[in-house]
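Subject: Structure for your review

Dear colleague,

Please find the structure below, together with its sequence. I would be grateful if you could read the notes that follow with it open beside you.

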Amino acid sequence: MPPEPEHPHIAVCPGSYDPITFGHVDVITRAAEIFDEVIVGVVNASVRKSRSLFSAEERVEFIASATGHLPNVRVDTFDILLVDYARRMGAKAIVKGLRAISDFEYELEMNQLNRHLADDIESVYLMASPQYSFLSSSGVKEIATFGGDVSDLVPDEVARRLKEALAR
Ligand code: PNS
């Protein structure tokens, strides 16, 4: 057994997760193999972008059950600047998944802004696994809205709750 690190390497995996998809689970799982501890930070800021379909509590519940088998992953919410949240959690790294060029442009801007605010926090990008490179929460919601099958894109419970939520 390797010795316990004196200062555990902690990473925050931030996002809206509205809802979590298998693409997110893939990135979180891979981050958990690299870092001692991974905190999945769910954005809970109502001022941001459009209203989310699921409440922060629901989104946390979905993530917790999808990652329950990973002992070094925990789920939390935040409503402050991401870099301030990372610092508060003792995280030196922010981990995000990257799918396409469009992600790159947005993430580059976020990266520069975050570095401007906090150059002690490094952002790390994991390339999406090919089978998930097309997958997004908004795409899943769109498919579900029109009655399409999302059972191979999100955990079972999420697929079920999407059906219920969109039927309302
Ligand atoms: O694409 P997402 O999932 O909505 O991303 C959310 C997040 C927080 C990862 C992204 O907006 C980001 O990197 N924001 C940095 C700026 C910040 O700190 N915003 C405040 C969020 S409460």
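Predicted model: local features only at pLDDT ≥ 70, side-chain atom pairs only at ≥ 80, totals over all residues.

Glu58 is partly exposed, at 22% relative accessibility, whereas Arg161 is buried, at 16%. Both residues belong to a network of salt bridges that also includes Glu61, Glu157, Arg160 and Glu164.

Arg87 forms a salt bridge with Asp84 (4.0 Å, N to O). These two residues are 3 apart in helix α3, so about one helical turn separates them. Arg87 also forms a salt bridge with Asp120, at 3.0 Å between the closest N and O atoms. Here the partners are 33 residues apart, with Asp120 in the loop between α4 and β5.

Arg59, in helix α2, is buried yet has no salt bridge. The nearest side chain of opposite charge, Asp18, is 4.2 Å away, and a salt bridge requires a distance within 4 Å. The side chain of Arg59 does reach the backbone oxygen of Phe54, at 3.0 Å.

Finally, the second largest pocket holds about 160 Å³ of space. Its lining has 3 nonpolar, 3 polar and 3 charged residues, among them Asp149, Arg160 and Lys163. Helix α6 gives the most to this lining, with 3 residues.

Yours sincerely

How values were computed:
Residues numbered from 1 in each chain as written. Heavy atoms only, no water. 1 Å grid on protein atoms, 1.4 Å probe; cavity = no way out; pocket = protein on both sides within 12 Å on 5 of 7 lines; lining within 4 Å. Points joined across faces, edges and corners; volume = space filled by probe spheres on them. Helix = DSSP H or I, 4+ residues; strand = E, 2+ residues; numbered from the N terminus. Nonpolar A, V, L, I, M, F, W, Y, C, P; charged D, E, K, R; others polar. Buried < 20%, exposed > 50% of the residue type's maximum accessible area, 1.4 Å probe, protein only. Lys, Arg positive; Asp, Glu negative; His and termini not counted. Polar contact = N/O pair within 3.5 Å; in protein donor to acceptor, adjacent residues only side chain to side chain.
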